[in-house]
Each structure stands twice: as C-alpha cells, then as structure tokens.
Amino acid sequence: MFGTQWTPHLAEPPVGHVLAAEGGVLSGIENAINTVFDPVSKALSGFVFAEISVFGVSFPWIVAWLVIAATVFTVYFGFVQFRSFRLAVRVARGQYTRRDEPGEISHFQALSSALSGTVGLGNIAGVGVAVTIGGAGATFWMILCGLLGMCTKFVECTLGVKYREVHADGSVSGGPMHYLRKGIAERFPNAAGQRIGKVLAGGAAVMILFFGIAGGNMFQANQSFAQVRDVTGGEDGLLGGDGAALIFGLLLALFVGAVVIGGIKSIGAVTARLVPTMGVVYVAACVIVIGVNLGEVPAAFGEIISGAFAPEGVAGGAIGALIVGFQRAAFSNEAGLGSAPIAHSAVRTKHPVTEGYVALLEPFVDTVVICTMTALTVVIAKTTFWTDAKAAVAAGGEPPDGVTVTSESFATVLPWFPYVLTVAVVLFAVSTIITWGYYGQKAWTYLFGKSPLSERVYHVVFCLFVVAGSVLTLGSVLDFADAVLFLLALFNIAGLYLLAPVVKREMADYRQRRRSGEVERVVASRRT
C-alpha cells in the first residue's frame, strides 16, 4: 500500500466530516441513519473501491477502468483533444453557433455548468494529499490522465446531445439515461439491444438521483459551514452556538432552491459568473505564490518530471506516483462517469459533436490547469509541514488533511489565506450543489415523469437535504453515495465503447460540413 483507501466525495478524496452532530436529538437521528446505512455502504464501497495490485502497489480497480477507457478513446479518435483544441475554444466562444439552433443555453454556459460540478474542494484538498502520497511526480501523471480524460468527455458529451430529448416547453433532458437507452437500441435494433439499453439507463438514473440528493449537496454544505465557522472563531466564535448550522443550512437551501427551480437557464446564468470568479480568485492566489518564488519554478518542474520516474522517497515508488496521479485526475474531472453530459446536453446547437469539442476543455481546466496550479504551489512552497508529511507517509503513516497542506503552502506568502480559502470553498460548494441539483432533477423526471408537481416534490426533497447536510454528518450515507456515483462509470463506459462508432460518424460528418462551407464561423452580431 502506498496510501489510504479512497472514497471520493464528488470525485474527490475525503477531507473528513468535521461537523458531526453533538448530543441530543440530532445525534440520535444521525447515529440511527448511519447504523442502517453502514453495512450497505461497506458492502458496496468494498466492491466499487476494491483494490488491485500492480507491482506491489494497490489501487482501486475503478481507476484502471476509467484510465484505460480514456486511453482507448484517445487512440480511436486520433488524439482529437490535441488536434481540435483550437476549434474547441472557438466553439465555446460561440463562433460556430447561430441564435436559432435548438437548446437552452450557450456552449460557454454549458461548460461552466458542468465545471461547477467537478471543480470543488478536491482541487484544493485532494491535490495536497496526492503530492504528499505520490510526491511531486504525481503531478506529472495527474496532468497526463487529465489530458487523456479530455477524450472521454468528448465521447460522452457528444452522445448526450445526440440522444437528448427536447420537450414541448423547449426544455431539454439528456445524459446517460437517455443515450444508453436510445443509442444502444438504435445501434442494436433488436429485443436484446432494447432491454440492455433500458436496464443500463434505469440503473444510471437511480445512481445519479441518489448521489444528486444525498452526496452532491450534503457534503458540500457540511464542509462550507465548517470552513466558515472555523474562520469566524470556531466553536467559541460567531457561528459556534446551537442553531447556527441550521440557520446556515436554511439560507443556503433558499439560495440553491431559487436557482435550481429556475432550471438550466438560471443555473447556466449563475455558473457562467460563479465558475470564472472562483477560478480567478483561486488561480490568482496560486500565481502570487508562484510569482514570489519565480526563481524556484524551473527546479519545481524538474522535481515534478524526475519524481514521476524516480523511486526514492515516495510511498510506492515511481508506480506509486503514477497511480496516485491517475487517481487524483480521474476522481477530479469525472471523465467517464456520465454526469457532465446532463449539463452539456442542454446546449444550443444542431451539431452534437460541437458540444463534444467544448466538453473536452473541461478536464483541461479542472485537472491540467487548476489541479496543477495547486500542486505547483505546494511543490514550490516546500513547507516543513509538507516535507514532514511526505516522510511520515513514506514510512507507513497516514496522510495529513489535504486542506492543511495547501493552506500552509499559501500561508508562506499570504498569511491571510484562510479567508481566501473560505471564499473559494464556499464558491466551489455552492456551484457544485446547484449543478448536482440539476443532475438529480433530470434523473428524477426520467424515473417519475416530467410534470410541475413532480419537479416541485424533487426541489423540496433536495433542499431539505441541503439543510440536513449542514447539521448532520451521515458519513455512511455519503460513502454509499460515493460508491453509487462511481458504479455509474462501470455501466456508462461499457455503453461508450458500444456507441463510439456513432461519435466517430458525427465527427466525420461535422468535418465534412465545415469543409463544404455548410458550417461556417458566425460573426459576432449573430452569435448566441
């Protein structure tokens, strides 16, 4: 073993449930729920996060499943994420989309909405853990896995748009529950194909719904309140008294409910501002630390490259660095899980592959840019805390809290960083809750039908869980939700393999249309 068992919240390594209910009725409720879920959670997590061993280093098989798929798709589609990167940026900027094309939101809003579901606390805490367990070299493999995952996002989001459903009111529903059912039945037009598609789609909807209600909001609400409470004086501060968590949860639920009830247009409008804002705030802090230590940058990159292959001083050696880097990337950008296509499916376009191009930018921003900036900051700062933690892990000890690793690195230049971290954590959490509220709603309406009453029932349930997440920990429930989310990848990627030829035809058709002039760049006045 080179590290610890990974049970990622929101595709992120756990940073610990710091806000347990203490005493009284709340404690009793929490213990009762955890007691019921604990055996189920352990059984499912034991399967989903079961570890396999490579050269003596253990890691969850689900990581290999995700990374192998990303590699296969990269080769099959001719390294599309590199050849078409410039085109992807142009499409995201609306240069190939006209105002009258079907859909609800722009390419940029779809990208922002999907990013808000993946960019989160793990980009801060998870990377700190990764470079502690795997050393600086884990960053190299994290970048590589992020680059490969760009192609997986290209595949699943193209399918999301191709097989989406446009309702009479103009709203759109998409995601794995639609392209698994319709796509597989179309590709294999027989009874077996229809049955397989329906089973996979139904399972996908159930897993997305459960994580959306229980995992996609509770953990984020819990950690947001904990961080705000800590910077305001802890248990003896402004938010340390009884009832503070409940009030925080109610206010957060009201805001989230108002945005989610507005649908993807409202979510897209909020995340189109929120995601760039939180990205700028966090990356700016990274740039400051790196800028102050500019002379150390070449040495840091040298350490990252050499550490990727050097066996010394890292838990698990060079293979350990590789595995933990792949884990960090796979758990961060959700490529292959099937969640992002739900947001991308609402895009305004009549060419499905255009959103595939835009989607491939998502792992680049999430993993290659933001996660790498965090890792580079930690490596350059080279705090005593990080150095001692690496030595302890290499000797068989437990990894430290990832937030502390990152925060200590920033504090070398920005002593007031805990306040910046608080802003970043809250922004990350709110955007994640909003996006997963939308994901869960699409799974809900797939299973229970789309009607005003059905959607309002979902909104109430979702907001109640936001409040519950602020006051309760429910660790077993969240661990179960994590396992459910990653179990989705097993079925989703199997479907992607079957439907990859469909995506290849879409890509070839779009290229032919661009060459013929049928698809041309749109002038600014006619863009979305």
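In the predicted model, Met177 is placed in helix α8, which covers residues 176-187. The residue is buried, with a relative accessible area of 0%. Leaving aside neighbours within four places in sequence, Met177 is in contact with Ala201, Ala204, Ala205, Ile208, Ile342, Lys442, Ala443 and Tyr446. Met177 and Asn492 are 315 residues apart in sequence, yet their C-alpha atoms are 9.1 Å apart in space.

The chain as a whole contains 21 helices and four strands. Of its 528 residues, 60% are buried. When contacts between residues at least 6 apart in sequence are considered, 86% of them join residues at least 24 apart. The chain exposes about 19100 Å², and carbon and sulfur atoms supply 65% of this area.

Not counting residues up to four places away in sequence, Tyr357 touches Val80, Ser84, Leu87, Ala88, Phe154, Met507, Tyr510 and Arg511. Tyr357 is one of the buried residues of helix α15. This helix, formed by residues 352-359, is mostly covered, with eight of its eight residues buried. Besides Tyr357, the buried residues of α15 are Pro352, Val353, Thr354, Glu355, Gly356, Val358 and Ala359.

An unreviewed UniProt entry places the feature "transmembrane region" at residues 59-80, 199-219, 239-262, 274-294, 416-436, 457-478 and 484-503. In the model, residues 199-219 are 100% helix and 0% strand, and the end C-alpha atoms of this span lie 29 Å apart. Residues 484-503 are likewise 100% helix and 0% strand, with their end C-alpha atoms 27 Å apart.

Val72 lies in helix α2, residues 61-76. With a relative accessible area of 37%, Val72 is partly exposed, because a value between 20% and 50% falls in that class.

Charged side chains were considered last. Side chains of opposite charge can pair when their charged atoms come close. The count of salt bridges in the model comes to seven. In one of these pairs, the side chains of Glu362 and Lys153 meet with an N to O distance of 2.6 Å. The pair links distant parts of the chain, since Glu362 belongs to helix α16 (residues 361-381) and Lys153 to helix α7 (residues 138-162), 209 residues apart. Glu362 is buried, with a relative accessible area of 0%, and Lys153 also counts as buried at 0% relative accessibility.

A salt bridge is also formed by Lys162 and Glu506, whose closest N and O atoms are 2.9 Å apart. Lys162 lies in helix α7 and Glu506 in helix α21, so this pair ties together parts of the chain that are 344 residues apart in sequence. Lys162 counts as partly exposed at 30% relative accessibility, whereas Glu506 is buried, with a relative accessible area of 16%. The latter assignment follows because buried means under 20% relative accessible area.

A further salt bridge joins Glu518 to Arg513, with the closest N and O atoms 2.3 Å apart. Glu518 is exposed, with a relative accessible area of 52%, while Arg513 counts as partly exposed at 22% relative accessibility. Both residues belong to a network of salt bridges that links Asp509, Arg513 and Glu518.

Notes: Residues are numbered from 1 along each chain as its sequence is written. This is a predicted model: local features need pLDDT of at least 70, side-chain atom pairs count only at pLDDT 80 or more; totals for chains, interfaces and linings use all residues. Side-chain values use heavy atoms; hydrogens and water are left out. Helices (H or I, at least four residues) and strands (E, at least two) are DSSP runs, numbered from the N terminus. Buried means under 20% relative accessible area, exposed over 50%, partly exposed in between (1.4 Å probe, protein chains only). Contact means heavy atoms within 4.5 Å. Accessible areas come from the Shrake-Rupley method with a 1.4 Å probe; for residues, only the protein chains shown count as cover. UniProt positions are given in the numbering used here, feature names are shortened, and annotations may be inferred rather than shown by experiment. A salt bridge is a side-chain nitrogen of Lys or Arg within 4 Å of a carboxyl oxygen of Asp or Glu.
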